[in-house]
Each structure stands twice: as structure tokens, then as C-alpha cells.
Amino acid sequence: MSYQAPRGTQDIYGEDVLNWRSVEEKIYKLCNLYGYEEIRTPIFEDTKVFKRENDSSDMVNKEMYTFTMGRDSFTLRPEGTAGVIRSFVQNKFYGSLEMPAKLFYMGPMFRHERPQKGRFRQFHQFGIENIGIKNPLADAEVIALGYNLLKQVGIKQLSVLINTLGDEESRNKYKDDLRKHFEKGIDELCPDCKRRLEQNPLRILDCKVDFDKEVVKSAPLIDDSLNKESKDYFDKVLKALESLNIPYVIENRLVRGLDYYTDTVFEVVSTHPESGSQSTVFGGGRYDNLVSYFKGPELSGVGFAVGLERLLLFAQLEGIKLHKENELDVYVISLGDVKDKPLKIGQICRDAGYSCEVNMVERSIKSQFKSVDRRNSKVVIIIGEDEVNNNVVNIKDIKTQNQVTVNDVDIIKQLEEFIGRR
RNA sequence: GCGGUCGUGGUGAAGUUGGUCAACACACUGGAUUGUGGCUCCAGCAUUCGCGGGUUCAAGUCCCGUCGAUCGCCCCA
């Protein structure tokens, strides 16, 4: 036990890796259906890409893996959007790609948090970004993609929460209203919220400490501050969701942790009783100012990120079987001094498309048959010294127990008869 | 970053107020059945209880530290 994976990281292998691959394949297919193209950005970026001015989120301020090489400061990406937008601007996608640019990414992210169920220091996200147009239909389509991923995986116990933060004008008005409201009740707030009051009063609304306090309960709602455009925009998003038969719950305290969101924000949570306190499967929203922040044109975007560990966890909680059993066609048993014949026979099988395992350990036929059972092989080929001398093999169909002796050249013909063509 | 619980073989775990051999089950290996498995029976399988230190004649059992897991807070995917 002298070496172990760092805290909050994990090795993915065995059955797990099959589940991962199954989900990854669903993601690729879905993105293709919706016209999203993959983008692979660096795992680390200049720290400034993530650490933006006026950012009050914990993620950016105290959870980043940052290191310096010479004069440069780099950071392991804690999320995917910033890198994609940086790339979008740097590579001038707005000039070469048809708008909107529809990009997806998938890969590891890093945050130095205290691990718990559904929360890791290295975790994986699949995310999409729809950049270049501002249209409520785009918001709805983005949510639909994520929703359909969960549906295809088979997750049933979920809830789509949605809210709007309004456009710049509406949000500034709302922030002012909130500040005014909370200033008179400031003494009742927890220390975190006192800090938030200055930096981002919206965040007080989903504080779990002060959640129950009268000041918070009586706080003004965003609806009252929304201008007509923002209100219309949100209504159209909701209408579009309804037309797609996506059930949603308006959660007017939902503000989300990243500071760059404007207008629509959403979060999909597992409602499974054992999902734990990290119940968000995916979350995202619209961002009006991120592209211009990265010195690109004034373009709006919308996107989300799915936590793959959580997706897998919730699928497991609901008892969903994601992968097919690994099936083996042929197991080659070898007995005595048979030289390299088993290997050659194995190769003949594989060349014909049959999956094949060749025994290479000198051991009893009994124990080799145990391996056959364990591997769930359909056919067994038995090779002993006699078979080598006579250029034949014994070939047995496990299901029917039917065993025949055939010449080496007829092996494939016999396999076709037993288990069909490959 | 804060608080609670926990850490025994490949796995699930029992280990009483600290006192011979660290139960039991599954898995695994071998044999009965030495070229034909899935059943049964028999045998083997933790010089050691996450790691380090301390208390004691004696510690898996108590104390401290450390690492890790887990639950909640915070945060978020």
C-alpha cells in the first residue's frame, strides 16, 4: 500500500470502463444527431483564462490546481467552457464557421475540493457550447440534448430546474434591489453571505445556511426586475421546452456558481433518494459576455456540462445496465507438448473474426474448462499431442455439448456451423 | 476549508469490559475424477488487522498523529 492514487482521483477499469465507454458512445452519437462537433482543448491553460476579474466563485478562487513554470502561471482546467471560448476567439471560429458554432468537449477536469460521493478532484465532463446566436430556441435545444442523453442512458428520476437571471439591465436592477433588501437585514446573514452581498448578491439566494431565514424568504424575486425583453426571452425558452415535451420546474432561487451566466440558467438534478448531496447531473446557461471578455466579438453563447461520474452513479442507483456482457467465441485448451499450434489455431479464428483466448499455462484440462466457464466461451477447441501429430483438433459446442474432430483446415467451417459467421 | 463516522485476506465481513491458534461465507489453488467444466466432498489460502508512534506484562481492540473512504456543510458536474 505504499503507492496510491492521489486523493479524489480514481482508476477506472473492469466493468466500470465498459460503462464509461457505453456512455461515451451515446454522447458521440447524440452530438452527431444535433450537429455538434468535437473540440479538444489543452488540459491546462494560462491561469488567466480561468481566473477572470470580478469572479467570486469558489471554483476559481480556491479550488484551482495552479502551478508556475518560470514566469508563467498555468492552471489545470476546472471546467470546459473557458478553454473552448478562448479557442473560439483565438482561432477566429466566428469568421470561418457558420453561426452558431456548435462544439462539444469531453475529458478530465480538476478541482481541489474535499472529495465525497459524486465529487472528485479529477472528474470528467461532457459539455456543449452553442456560440454565436442569441435565440431562445437555441437555449431549449441545448437543454434538450442534455435531457435526451439522460433519457437514452435510462435515468428516470430527474428534475429539470430552470431560471432566468435576465439581461444586463434586468440583472443590474435586480442586484440593486437585492442589495437594498439585504442591507437592512445584514446582521442575520452568515459570514459567507455578507461577503456575497458585495460581490454577487444573487448567490445569497441559494445559500443553504440562510435558506430558511426571513430576510432570504422575503427577498425580491427576479421576475419583478425583468425588463420586457428578458421576460419575453424566458417565456419563449419555456414554450420551446414545452413543445419538446421536456418537463421543467421554475426555480427562482437558482443562480448557479459561475459568474458569467446571463438570462437562462438551468440545472438537472437526480431525485433518487440515495443520490447524496451532489445531485446535479448537468448544469449550464447562457453567457452574453464571455466571448467579448476573451477579446472576441459581441457574441452570445449557451451551453452546459455533464458530470460523467455523477451520470454513471445515478445510472447505477437506478439499476441501469449500460454495457453488454463481454462474449468470447472460442477458448483454445492445450494439453502437453503442443508447441505453437494453439497460438496458430487462435490466429486462424481471429483472422475469421472470432474472438479467441488461447491457454498458455501448463495446467489440467479441468482447470482450463473452468476458465471456459468463467469466460463464458461459446466454443472450445482442444489440442493435445495426438491432435498436433494428426493435424486435427477437437472442437466442442458448449451449448449443445456436441464435439467433433476436424482437420485444421476445416476449423472455420465448423465454427460457422456451431455459432454462425462473424 | 469545517464537523461526524469508518479503515481487518482477492471480496463481504465477525472479532465481547485489551489476554492461547484472527470466526464464517464467497472467490481462488490443488485433489477425489491424472484428455472434458458447471454438482458434491476433502485440503490449502491474513507471521497480521490502512500507515507511523505511544500506553500496557499484553492492543485488531485504548491514546495521538497521518493517509484514505464515507456522510453533512461549503461548493459544484
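1. A word on conventions to start with. Residues are numbered from 1 along each chain as its sequence is written, and chains are lettered from A, with ligands numbered from 1, in the order in which they are written. In this predicted model, local features need pLDDT of at least 70 and side-chain atom pairs count only at pLDDT 80 or more, while totals for chains, interfaces and linings use all residues.

2. The model's ipTM is 0.84 and its pTM 0.89.

3. Along the principal axes, the C-alpha atoms of chain A fill a box of roughly 95 × 50 × 45 Å.

4. Now, please look at helix α6 (residues 136-153) and helix α10 (residues 228-243), which pack at an angle of about 45° with their axes 8 Å apart. That makes α6 oblique to α10 (angles under 35 degrees count as roughly parallel, over 145 as roughly antiparallel, 65 to 115 as roughly perpendicular and the rest as oblique). Axes here are lines fitted to C-alpha atoms, for helices over the stretch in contact, and angles run from 0 to 180 degrees between N-to-C directions. Helices are DSSP runs (H or I, at least four residues), numbered from the N terminus.

5. Which residues of α6 and α10 meet? P136, L137, D139, A140 and I143 in α6 meet Y233, K236, V237, A240 and L241 in α10, contact being C-beta atoms, placed from the backbone, within 7 Å.

Technical notes:
Helices (H or I, at least four residues) and strands (E, at least two) are DSSP runs, numbered from the N terminus. Two residues are in contact if their C-beta atoms, placed from the backbone, lie within 7 Å.
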